[in-house]
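My notes follow, roughly in the order I looked things up.

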Amino acid sequence: MNGIPMLLRHPTLRIAFLIGAVLVPFSNANAQTDKAATVINDMITTLGGKAFLEVREIQSSGKICGFKNDVMAVSNQIVDYVKFPDKRRTEYGTYRVRPADIFNGDTGWSIDLPKIEAKPAAEVKAVQAGFKTDFQYVARFILNRPGLVLQHLGTELIAFRSNDVIEFRDSGNLLRLFVDQQSHLPTKMQVRRSGETFMREDQFANWHDFQGIRTALFIIRLRDGVREREIRFDNVSYNPGMADSLFAPPAAR
């Protein structure tokens, strides 16, 4: 009993102390969860609130650059079409009829007319995994899921600005959001997908308003801290009205 306060030698007081010791961590956990929810709610409001959440289609244009050993290896103009929950078409170049990659659920095609090739199943699966862990999807369809547990991990200094760090899990994926405490906009998002051992990261910058929705026009994508690509958008349109035929090869239309 040496080292144990005299008060704790009484059985009733000892039980009360143990209960209190158990409740304190739960109280702290609840406080961190509430703080995380506040950070996310403020972020969604800043992004456009209801208008942001109701987006089901995104059409964007700009330039994409691929990197190898942190040196730009390739670049191209793109027009990107997204239709939630699982459709994407990306066209490349500046020709009137542009080559395109199309992904629609568990199918996909590479189009370079007159050549049309079905995408390998593994590539389609990987693209859909990326689609479902992309910020645009996560912010609209995962962060508001009932029962999702958000954890506030503290703060991190990014470019001399304090960011709240929010962590959560979904379908075996580990995700972390870094949200600027002043602007309430996401600075970056990290994802370790189910079955992977490395961390992917998207960094967001150059925010502008399109149709009342805050939009990052500059995105850097990294894998384990190594830059893989940069995307610079020059125009974005939300819910423009996209026919499903846009996400099918010409022969299937």
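I started at Ala159, which sits in the loop between β7 (151-158) and β8. Strands here are DSSP runs of E with at least two residues, helices are runs of H or I with at least four residues, and both are numbered from the N terminus. I note that this is a predicted model, where local features need pLDDT of at least 70, side-chain atom pairs count only at pLDDT 80 or more, and totals for chains, interfaces and linings use all residues. Residues are numbered from 1 along each chain as its sequence is written, and side-chain values use heavy atoms, with hydrogens and water left out.

Phi of Ala159 came out positive, near 55°, and this residue is not a glycine. I wrote down the background: most residues other than glycine have a negative phi, and most peptide bonds are trans. Ala159 is exposed at 64% relative accessible area; exposed means over 50%, buried under 20%, and partly exposed in between, with a 1.4 Å probe and protein chains only.

Next I looked at Ile158, which lies in strand β7. Is Ile158 buried or exposed? It is buried, with a relative accessible area of 17%. Ile158 touches Asn163, Phe178, Thr187 and Lys188, leaving out residues up to four places away in sequence; a contact means heavy atoms within 4.5 Å. Thr187 is 29 residues from Ile158 along the chain, and their C-alpha atoms are 8.1 Å apart.

Ile158, Ala159 and Thr187 all turned up in the lining of the second largest pocket, along with Arg161, Asn163, Asp180, Ser183, Leu185, Pro186, Phe204 and Trp207. I had to check what counts as a pocket: on a 1 Å grid over the protein atoms alone, it is an open set of points with protein on both sides within 12 Å along at least five of seven lines, where a 1.4 Å probe fits, and lining residues have an atom within 4 Å of a point. This one holds about 170 Å³ of space, the volume being the space filled by probe spheres set on grid points that are joined across faces, edges and corners. Strands β8 (161-170), β10 (186-192) and β11 (200-210) each give at least two lining residues. By class I get six nonpolar, three polar and two charged residues; Ala, Val, Leu, Ile, Met, Phe, Trp, Tyr, Cys and Pro count as nonpolar, Asp, Glu, Lys and Arg as charged, and the others, Gly among them, as polar.

I found it in the loop between β9 (173-180) and β10, partly exposed at 29%.

Where are the cis peptide bonds I noted? One runs from Phe84 to Pro85, with omega near 15°, and Pro85 is in the loop between β2 and β3 (87-92). Another runs from Leu113 to Pro114, with omega near 5°; Pro114 is in the loop between β5 (107-112) and β6 (115-118).

The largest pocket holds about 1300 Å³. I see 48 lining residues, with Arg88, Asp134, Arg221, Arg229 and Ile231 nearest its centre. Strand β12 (residues 213-223) gives the largest share of the lining, eight residues. The lining splits into 26 nonpolar, six polar and 16 charged residues.

Asp80 is in strand β2 (residues 71-83) and counts as buried at 6%.

**Thr133 and the whole chain**

Thr133 lies in the loop between α3 (121-131) and α4 (135-141). It is buried at 8%, and its side chain reaches the backbone oxygen of Ala129 at 2.8 Å.

Last, the totals: I have four helices and 13 strands, and 42% of the 253 residues count as buried.

How values were computed: Polar contact = N/O pair within 3.5 Å; in protein donor to acceptor, adjacent residues only side chain to side chain.
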